[in-house]
Amino acid sequence: MSGKFLFELLCEEIPANALPEAREQLVAGLAAKLDEAGVTASRPLGFSTSRRLALWVEGLPAETPARVEEVFGPPASVAFAPDGSLTRAGEGFARAQGVAPSELQVVEGPKGKVVAAKKHVPGRALPELLAEIVPAVVSSLHFPKTMRWGEGQYVFVRPVHRVVALWGLDSLDQVVGFSIFGVPSGAATLGHRVTHPGEVLLSGVRDLEGYLQRLRQAGVELDPSRRRALFRQKAGELASEVGCQVRPDPALEEEHVELVEFPGLVRGELDSAWLSLPEEVIVTTLRHHQKCLVLEKDGRVAPYFLAVCDRPDDPQGHVRQGNEWVAGARLSDAHFFFHQDLQNPLEAMAEKLTRVAFHAKLGSYADKAKRVEALVVQLAEALGFAELRGPLQTAARLAKADLASHMVGEFPELQGVMGGIYAQKQGHAPEVWQAIAEQYLPAGQEGAIPKSLTGALLGVADRLDTLAALFSVGEIPTGSKDPFALRRHALSVVRICGEFPLSLSLPEAASWAAAPFGGAGVTELAGFLRERERFFLESKGLPGPVADAVLSARWGMPADELALGQALASLWQTPQFVQLATAFKRVRNMVGKEGEGTWAPERLLEDAEKALANQVAGMEEELGRLATAKAWGQALALLAGLAEPLDRFFTDVLVMCPDVELRQARLGLLAKIQRLFLQLADVSKLQVAS
Amino acid sequence: MELQAVILNLLRFWGEQGCLVQQPYDMEVGAGTMHPETFLRVLGPEPYRVAYVQPSRRPADARFGENPFRLGKHLQLQVILKPSPADVQELYLRSLQVLGIDPAVHDVRFEEDNWESPTLGAWGVGWQVLLDGMEITQFTYFQQAGGLDLKPISAEITYGLERIAMFLQRKTSIYEVEWVSGVPYGAVRHRDEVELSRYAFQQADVSMLRRHFEDWEREGFRCLEGDDPLVIPALEAALKMSHLFNLLDARGAVSTTERVAMIARVRKLAVATAKAYVEQRKRAGFPLLSGGAA
């Protein structure tokens with residue numbers, strides 16, 4: 001027979017985004033406290049609804065284990081008189097610890113010999129322990145935002161109304177007495193506020209299932225995973241009844257699970273008039289305020305949606321009607337904004353940007369648009385796409401115009417998307433509207449990159465300008481502070497260059513972007529982009545040392561560095577490369593310490609060095625040719641061919657010979673080899689620490 | 001239920017809960033919260049309960065009377081319960097029943113939506129209340145007002161009256177809502193919306209508005225000078241500044257950067273006024289503390 005404990009805290013509606021974390025903290029907090037007390041039990045289980053947090057734990061002993069605790073007292077020299085009898089200090093210590101003087105021992109403490117008492121700490125009844133640790137765990141919970149209520153003496157995520165704490169060996173029959181935020185613990189909770197108001201007595205519950213069942217009877221599904229399953233099942237049924245599928249939306253599903261006490265869904269129908277709106281607008285409108293799931297048929301938005309509700313049924317159809325009414329109202333609002341916006345050319349909206357500040361020290365969005373226009377043309381010409389000049393200039397000029405539209409004012413997440421739609425409807429060329437629509441892609445580390453070349457170019461130019469502008473006024477991210485999300489912007493630049501790909505040299509592009517600001521901050525910007533490229537290479541699966549080896553030699557064309565890194569990654573642990581890495585490390589050390597010498601192969605004497613010089617002589621050109629052709633595997637194989645001769649060189653040749661000219665010639669040979677490698681990778685970074 | 005019945009029923013209900021039924025503040029305000037019966041009364045230790053209807057002006061939300069859901073001036077019904085009682089959510093749900101809304105057949109949900117007023121230096125934690133998916137109320141536990149931490153804490157319940165009437169009457173446009181039987185909202189208010197929109201977006205004299213913003217700022221701080229500051233006139237000056245700012249904003253005359261600075265100027269006066277109010281009440285011995293609560 002083992003002990004069981006149930007804890008439930010009932011309060012007003014907790015924010016959905018705080019619940020998963022609160023459950024975890026509650027479980028981890030209780031587990032840690034039990035562990036501290038030496039109590040073994042099953043892992044506590046955490047549950048929640050929008051109004052409650054609960055814990056269930058079983059396998060608890062009736063008492064905490066008895067322990068022997070060693071308590072250190074005063075130094076032995078103070079506790080005992082020279083004759084070995086106890087001093088008053090020694091007696092006092094024994095008395096304070098409740099042990100007989102004869103039980104005192106002398107032990108070696110960190111500061112010499114001290115007296116010590118072994119105390120027998122008896123076990124405590126579990127309810128007593130629980131009454132102490134549960135309030136401590138609850139008050140240590142961390143929430144993103146807390147509040148006060150009533151007289152204002154307590155702080156928690158929301159006002160607390162009930163605390164249930166029940167203990168028992170067979171069934172839960174004993175209230176564990178304590179209070180939290182002025183609410184004393186008891187044996188009864190409340191049911192679902194609307195469908196089952198009134199008390200639910202929890203004493204007598206025998207197991208977890210019994211507890212969950214009692215709450216279910218009171219209209220509450222306490223188990224979030226069960227709620228998720230019910231939502232999914234219900235959503236599938238409601239969709240298939242009208243021959244549709246649910247458009248997947250994991251974030252919204254997650255939120256639904258945490259928003260309710262009972263997982264209900266209703267299907268609403270949309271007036272087909274709204275289907276003439278762009279799909280992005282329909283989906284965003286429904287999601288934004290109403291948290292509705294969209295149904296689709298053959299990949300197209302269907303005239304239905306699913307709305308969450310906190311009850312199992314909709315007896316009179318009010319919930320469906322209400323949601324349909326609101327969805328209709330919101331879509332009609334969106335429809336209104338959409339048609340208002342369409343009457344207003346993007347050019348006119350763009351003019352309003354003179355009044356919208358980009359940054360206090362950096363002028364308006366109109367100023368930014370001018371800079372981006374110049375930069376994107378420069379990028380396109382450098383990449384050999386001069387013919388895109390016209391569309392890119394138009395796109396850059398209009399790119400931010402939708403910030404002044406009604407629709408984006410209402411739904412900021414549609415920026416870019418709306419601009420693209422309006423540009424298309426207003427008759428701009430595909431190169432123009434695609435660029436506007438795709439300028440914010442990728443949205444994050446995982447999001448898709450632009451599909452169109454103009455979108456890729458505009459996205460890179462816009463972000464490089466943002467980065468250069470902010471770096472020029474010292475807004476450089478440090479530690480966890482990155483208020484302008486510059487890391488994300490820089491990573492997006494690297495991702496587009498690497499994945500689209502664009503053969504743009506990032507250091508060069510960064511200096512162009514920094515030019516309007518007199519080049520201020522350009523060194524920091526280059527270093528920042530290089531760091532993001534390292535992150536990019538690792539995210540593509542390159543081992544850290546390989547990424548470092550490549551980036552130490554070259555950076556700024558992420559697609560090339562990625563391909564080169566991948567070629568290197570397949571070779572770097574072969575015996576030949578391990579040997580090469582070791583030899584090259586010696587080359588770098590020597591050249592670094594002794595200087596670059598002079599390239600003078602005719603002065604070399606030994607066979608080993610002459611052979612090496614011969615092999616190296618023709619390599620420069622060949623490597624250059626292979627790099628241009630991006631034949632990275634062949635280029636690396638060519639370098640790998642130097643492993644053997646280099647080894648022989650270091651075995652047979654004394655570089656630091658007394659003959660100054662010969663020494664310079666030998667160093668010159670090594671320096672040439674170093675330059676060769678550094679066209680590709682600093683393989684010394686691959687040397688395995690031995 | 002007609003709009004007028006919604007108002008009367010709610011005021012009667014809250015009156016029965018011990019609320020003083022107050023009148024709207026006779027000035028332009030952006031929200032019922034700016035009424036001194038809320039902004040000042042939530043400060044300090046004195047208990048208070050009040051309910052009133054407040055026309056709320058948001059010039060930037062005006063739509064020339066063309067949008068069926070947006071108004072530049074709408075009606076809020078504001079309730080303050082100080083300190084917030086333990087059964088405040090239940091009281092609120094009962095208030096819905098006087099509107100004929102039966103929670104047994106509707107879906108009522110409290111969804112996190114915290115409230116903040118940068119111009120008043122005020123913020124609170126709470127929810128928007130959704131009825132069958134429709135937002136009908138903002139429910140807030142005030143934590144700070146005028147930059148001062150509050151104790152006790154007040155619960156603020158704000159009903160959007162046009163929205164609720166629209167919902168109850170199943171109208172697709174605000175202007176079709178029946179104020180009383182046979183008198184549509186549009187017949188009473190549509191022309192005002194058109195004119196106020198035109199004024200806010202096209203006609204308002206920007207340099208005059210800017211001048212008055214500065215004038216009222218000076219005047220407000222002048223009211224707070226001396227040993228016996230004039231709290232209400234100072235608050236009224238802050239409210240005027242706030243409305244002038246909103247008009248300038250609707251007129252497109254405020255840049256993003258300037259915006260932050262102007263809001264900070266209003267807040268500075270609001271914060272000074274809040275402080276002066278608390279001191280004034282303290283000097284008077286917090287008269288409502290001794291059982292004289294409304």
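Predicted model: local features only at pLDDT ≥ 70, side-chain atom pairs only at ≥ 80, totals over all residues.

Tutor: Arg222(B) counts as exposed, because its relative accessibility is 51% and the cut-off for exposed is over 50%. This arginine belongs to helix α6 of chain B, which covers residues 206-223. Although Arg222(B) and Ala272(B) are 50 residues apart along the chain, their C-alpha atoms are separated by 11 Å.

Whereas Arg222(B) is exposed, His243(B) is buried, with a relative accessible area of 9%. When neighbours within four places in sequence are left aside, His243(B) is in contact with Glu28(B), Arg57(B) and Pro59(B).

From here we can turn to the aromatic residues. Over all chains, the search of the whole structure finds 25 aromatic pairs. One of chain A's pairs joins Phe143(A) and Phe156(A), whose ring centres are 5.3 Å apart and whose planes stand at 80 degrees, an edge-to-face arrangement. Phe13(B) is buried at 5% relative accessibility, and Trp14(B) is buried at 0%. Chain B also holds an aromatic cluster made up of Tyr92(B), Phe110(B), Trp127(B), Phe139(B), Tyr141(B) and Tyr159(B).

In chain A, the charged end of Lys368(A) sits over the ring of Phe358(A), at 5.0 Å from the ring centre, while the charged end of Lys672(A) sits over the ring of Trp599(A), at 4.7 Å from its centre.

A helix of chain A shows how burial can be arranged around an axis. Helix α3 of chain A spans residues 88-97, and its buried residues are Gly90(A), Phe93(A), Ala94(A) and Gln97(A). Seen down the axis of α3(A), these buried residues fall within an arc of 95 degrees, and therefore they line one face of the helix. The other side of α3(A) carries the exposed residues Arg88(A), Arg95(A) and Ala96(A). As for what the buried residues of α3(A) pack against, their partners in chain A are β4 (67-75), α2 (76-79) and β6 (112-121). Just after α3(A) comes Gly98(A), which takes a positive phi of about 70 degrees.

Finally, the cysteines deserve a careful word. The count of disulfides over all chains comes to 0. Cys309(A), for example, is in no disulfide, since the nearest cysteine sulfur, belonging to Cys292(A), is 11 Å away and a disulfide requires sulfur atoms within 2.5 Å. Cys309(A) is buried, with a relative accessible area of 1%, and Cys497(A) likewise counts as buried, at 0% relative accessibility.

Conventions
Residues numbered from 1 in each chain as written. Chains lettered and ligands numbered in written order. Heavy atoms only, no water. Buried < 20%, exposed > 50% of the residue type's maximum accessible area, 1.4 Å probe, protein only. Helix = DSSP H or I, 4+ residues; strand = E, 2+ residues; numbered from the N terminus. Arc of directions from axis to C-beta. Contact = heavy atoms within 4.5 Å. Phe/Tyr/Trp six-rings, centres within 6.5 Å; stacked < 30°, edge-to-face > 60°. Lys NZ or Arg CZ within 6 Å of the ring centre and 35° of its normal.
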